[in-house]
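Dear colleague,

Please find below the structure that I am handing over to you. My findings are set out after it.

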Amino acid sequence: MLLLILKRIGLGLITLFIVSLITFVGVEVLPGDACTTYLEREAYGSALDACIKRLGLDVPAYERYLDWASNVVRGDFGYSLSGEMPINEVLGPRVKNSLVLASVSILIGIPLAIVLGIITALWRDKLPDIMISTITIFSMTIPEFISATLLILIVAIWLGWLPGIVIIPSDATFYELLSNIILPVVAISMIMTAHMARMVRSSVIQVMASDYVQMAILKGVPYWKMVFRHVLPNALLPAINVVALTIAWLLGGVVVTEVVFNYPGLGRLVIESISNRDLPVVQALAIILASIYVGINLIADLMTLMLNPRLKSLQIRK
Amino acid sequence: MQSNLISEDKQKNKLEKTFEILKTMASKPSGLIGLTIVLFHVVLALISPYIAPYDYKAISPNTMLLAPSAEHWFGTDSLGRDVFTRTILGGRTALTVTFFGSLIALLWGGLLGIFCGLVGGKIDDVVMRVVDAFLSIPWILAMLLIVSLLGTSTEVLIPALGFFYGKGIVRVARAATHDVIAKDFIVSARARGHSNMSIIWNEIIPNVRDAILVEGAMRWSWMLLGFSSLSFLGFGVSPPTPDWGLMISNARGLMSFAYWSVIAPIVGLSSLIIGINLTADAFAKALGIDRSTKAPV
């Protein structure tokens, strides 16, 4: 078991190493380095030389990679180009804001998804299922920027209930944030809930058709006891992985939602750093977002392993 | 997926099979709706340059932000351009980019996946690690980086989208190949002395095609979502190209008093994405592949 966990962690680290290589090589290979893209038309003569010297672009690429990578491992992402601030200081408040947005959406989304998934599965092809399933298909297929725009149009402009965009400084307090994030949270959890509810639905349906549930029915186990005792524990286990993937999507994919609502999180930082051609920040973001993705998947894998004894022995034999 | 039986009139069989699949897809209301929407959009995209009532890039200060009327069915935008014209032409942009993008994604993803599934071993391990690494970089970050460094022409966007949405297909194609490769008919083809190329072409591709096509249909709708998100963020096609994402982002600031210029592209894009999704779902069901357990990655 310990060996397996170590192996998974090792694989995750290898993936992160490759990600760091890809982003580094990508930035190297694509035309224009940090200096020429940042200085744009002034990229000649002494200004260019000074910039190259300052960023150390005159040393060979592999040396710079090693240098950068060893700093990243120690938690230092270097300096951003545009603000000339340590990237860690730029990232700090953004990470906090994104975490608030993500955790509120998750806290609302997961329980709601489980309830909706169970309802749609138990009343399969009946009115509740048809209604909820139609809504989930709509909310998971329509792009974030459309549902967010519609939310602003209807709730903020036509009804005038809530502010349409978030206007808070990037170092706002938790309470200030909370009052501003209702609409972004609704926009995000709509998509997330829809995906998870569909997953829970098909999982419950699958388990309901299994032999041991049929057996329980034949044995005369009361319906709701059967649902809670026999169906749900088995049906929700495979959902953990999907929840993990959804959360990983949430952390990277909220870019558009954050832009629409002007929310000062990691997602908007992605757009800002790319618009400013701030390549060091872009590299840092790629590593951070990839680490989150890998980390969450790792946790989900381990959770599934620990909760499912069958899978555990299977994996070890393999 | 069952193995295709080789029959004498293969061509006729293929046509019949396609027709059969379409019939199964249309037999459920959701499939029928999806097919109808997609067909509608495709036809509209084909004929839109001929039926567009105005010039999509004609700017006129006299017709700024007009409400919908008999002359301008969907009103006009902040530069006085006809929203109806731009909406129907926007579908053409979206479908062209995502169609060729999906084609590229299917081709490279499918072939690399089959190759990996076939050779296995070290090469397979290395390729899958790299694919995994690519999967863990948020697509939007990678796309934005490429587009901001290489420019936002369609010649850059189509291959870039094709590349990024192909990596998921690699996994599906590889898994499907693994399922097929141990079957008896492959073994017997080997025993008959067929070359690797012939085995790939005649035995493996017909058997993994369904899974790859279903995955491709799904990727198509995600690519459309990704492409319009890029346009919305200002990193997609450049103005004045009529494009839904771009139209929504331009009209968004004025929607408190000119909501019509944001509603038309929203309806266009949402209906196309829903249509493709319903079609992909029906397609998967008609081929007997369950896609409801997929996560949004």
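Predicted model: local features only at pLDDT ≥ 70, side-chain atom pairs only at ≥ 80, totals over all residues.

The contact between the two chains takes 38 residues from chain B and 44 residues from chain A. On the side of chain B that touches chain A, the elements giving two or more residues are α4, α5 (139-150), α8 (196-233), α9 (244-252) and α10 (260-286). By class, the residues on this side of chain B comprise 25 nonpolar, 10 polar and 3 charged.

Helix α5(B) has 12 residues and reaches 16 Å from its first C-alpha to its last, close to the 16 Å expected at 1.5 Å a residue. Of its 12 residues, 9 are buried, so α5(B) is largely enclosed by the rest of the structure. Among the buried residues are Trp139(B), Ile140(B), Met143(B) and Ser148(B). Just after α5(B), Gly151(B) takes a positive phi of about 105 degrees.

Helix α4 (residues 121-136) of chain B packs against helix α6 (residues 154-181) of chain B at an angle of about 135 degrees, and their axes are 10 Å apart. The two helices, α4(B) and α6(B), are therefore oblique to each other, and α4(B) passes α6(B) in a left-handed crossing. To this contact α4(B) brings Val131(B), Phe134(B) and Leu135(B), while α6(B) brings Lys167(B), Val170(B) and Arg171(B). By class, the contact of α4(B) with α6(B) has 4 nonpolar residues, 2 charged residues and no polar ones.

With kind regards

Key
Residues numbered from 1 in each chain as written. Chains lettered and ligands numbered in written order. Axes fitted to C-alpha atoms, helices over the stretch in contact; angles between N-to-C directions. Helix = DSSP H or I, 4+ residues; strand = E, 2+ residues; numbered from the N terminus. Parallel < 35°, antiparallel > 145°, perpendicular 65-115°, else oblique. Left-handed = near helix turned anticlockwise from the far one by under 90°. Contact = placed C-beta atoms within 7 Å. Nonpolar A, V, L, I, M, F, W, Y, C, P; charged D, E, K, R; others polar. Expected span 1.5 Å × (residues − 1). Buried ≥ 20, exposed ≤ 12 C-beta atoms within 10 Å, placed from the backbone.
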